[in-house]
Amino acid sequence: MSERVVVLGAGYAGLAAAKLAARWTGARVTLVNERDRFVQRVRLHQLAAGRPERRLPLRDLLAGTGVELVVGRAEAIDLGAREVRVGDRALPYDRLVYALGSGADLGSTPGVAEHAHSVADAESAERLHRALSGGGSGARAGRRSVVVVGGGLTGVETAAELAEAGHSVALLSSGAVGAGLSPKAVRHLHRAFARLGVRVREGCRVESVDARGVRVDGVREAADAVVWTAGFRVPPLARESGLAVDASGRLLVDGAMRSTSHPEVIGVGDAAAMRRADGQEMRMACATAGPNAQRAIRALAQELAGAEPTPTRFRYVGQCVSLGRRDAVLQFTHPDDTPRDLVLTGRAAALAKEAIIAYTVAFQRRPTLPSGA
């Protein structure tokens, strides 16, 4: 009897892992996802600004692969019985791929969960768009005042996109905006913000959020909408199931992406604490998820064939940050993700980012294993 592989999550890591496992291991693969479509998370700030979402139904993406799709929420993992509970179904597995991703951290500051928006999932981005366009309860159409909290790349992209859409935007960050980018790249960010009218405030602390704005360093900042991009969290399922996790609840994995406590479980994507060979923890990113899904399934295929899995090797190449539709920063990096002096900006960088995003969709349609598989 062939191996039964259950994959939890159909994001950038999970969908590729399911299709690769079906093709390269001969296993019977079941993919579990809460939604019936693949969400391009890297475009959700565009969705919030009113740009239409390109629908990518999972059944279309899985056609001809032999992967069974189960639309539902994984509620529990029975590690002893090797079963996943999804509604009233118990899905048995021999190997489990844990790829549940991450969501916005809405619980760390008072009022965020009740009053702030996020762009961490499609439903949240759609709610934000409705609120800003007049479709939400009590919302006014037209130019709105928006406070974006968080100076990481998600906050930067969201602030720029909303400002280009005509809103009055303030970007608040506890640290430096664009930390991890080179000085040249950061200078371009600030020039873009000045052009778009984004007011940037660094080194500040948001104390609370309410229906009328935020309280920052003891002073009220009024806003029609608050967008929270300051941090991400992972689902609690791994911890609740008894799998070994880190302090953030991310699945601890070895060099072949296997759980350190239950090697029949494989972790990929944001919900796994993946490390390079030198011990560096990999950042949560689309650029990390897809390649590591490849490497995880290559290791699984090798193991099922009786060979020793090839240790994961990972080299970063760059980070690309959109600044509206006609501007961007492409920051080239060293293999350990530290920035190089080489930076591409402006329209050329925007076109490069669009090409990169198009490639991620093409990869999800026809994922391949890395050389040496």
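Which residues are buried in α1? They are G14, L15, A16, A17, A18, K19, L20, A21 and A22, where buried means under 20% relative accessible area, exposed means over 50%, and partly exposed is in between, with a 1.4 Å probe and protein chains only. Before I go on, this is a predicted model, in which local features need pLDDT of at least 70 and side-chain atom pairs count only at pLDDT 80 or more, while totals for chains, interfaces and linings use all residues. Residues are numbered from 1 along each chain as its sequence is written, and side-chain values use heavy atoms, with hydrogens and water left out.

Back to α1. Nine of its 11 residues are buried, so the helix is largely enclosed by the rest of the structure. The cover over those buried residues includes β1, β2, α3 (58-62), β7 (95-98), α9 (286-304) and α10 (346-365). Helices here are DSSP runs of H or I with at least four residues, strands are runs of E with at least two, and both are numbered from the N terminus. Just after α1, G26 has a positive phi of about 75 degrees.

Next, the aromatic residues. The structure has two aromatic pairs; rings of Phe, Tyr and Trp (its six-membered ring) pair if their centres lie within 6.5 Å, with planes under 30 degrees apart counted as stacked, over 60 as edge-to-face and the rest as tilted. Y12 and F38 have ring centres 5.3 Å apart and planes at 85 degrees, so this pair is edge-to-face. Y12 sits in the loop between β1 (4-8) and α1 (14-24), and F38 in the loop between β2 (28-33) and α2 (44-48), so the pair ties together parts 26 residues apart in sequence. Both Y12 and F38 are buried.

Now the strands. Two strands pair if DSSP finds at least two bridges between them.

Where does E264 lie? It is in the loop between β17 (251-252) and β18 (265-267). E264 counts as buried because its relative accessibility is 9%. Setting aside neighbours within four places in sequence, E264 contacts L79, R82, Y93, D94, R95 and L96, contact meaning heavy atoms within 4.5 Å.

There is also an open sheet of three strands, in the order β12-β13-β14, with antiparallel pairing. β12 (206-210) and β14 (219-222) are the edge strands, each pairing on one side only. Four bridges join β13 (residues 213-216) to β14, and R215 has R220 in β14 as its bridge partner.

Finally, the whole chain. The protein chain has 10 helices and 22 strands. A compact globule of 373 residues would have a radius of gyration near 21 Å, and the chain agrees because its value is 21 Å; the radius is taken over C-alpha atoms, and the globule rule is 2.2 Å times the number of residues to the power 0.38. The C-alpha atoms fill a box of roughly 60 × 45 × 35 Å along the principal axes. Buried residues are 53% of the 373. Of the contacts between residues at least 6 apart in sequence, 59% join residues at least 24 apart.
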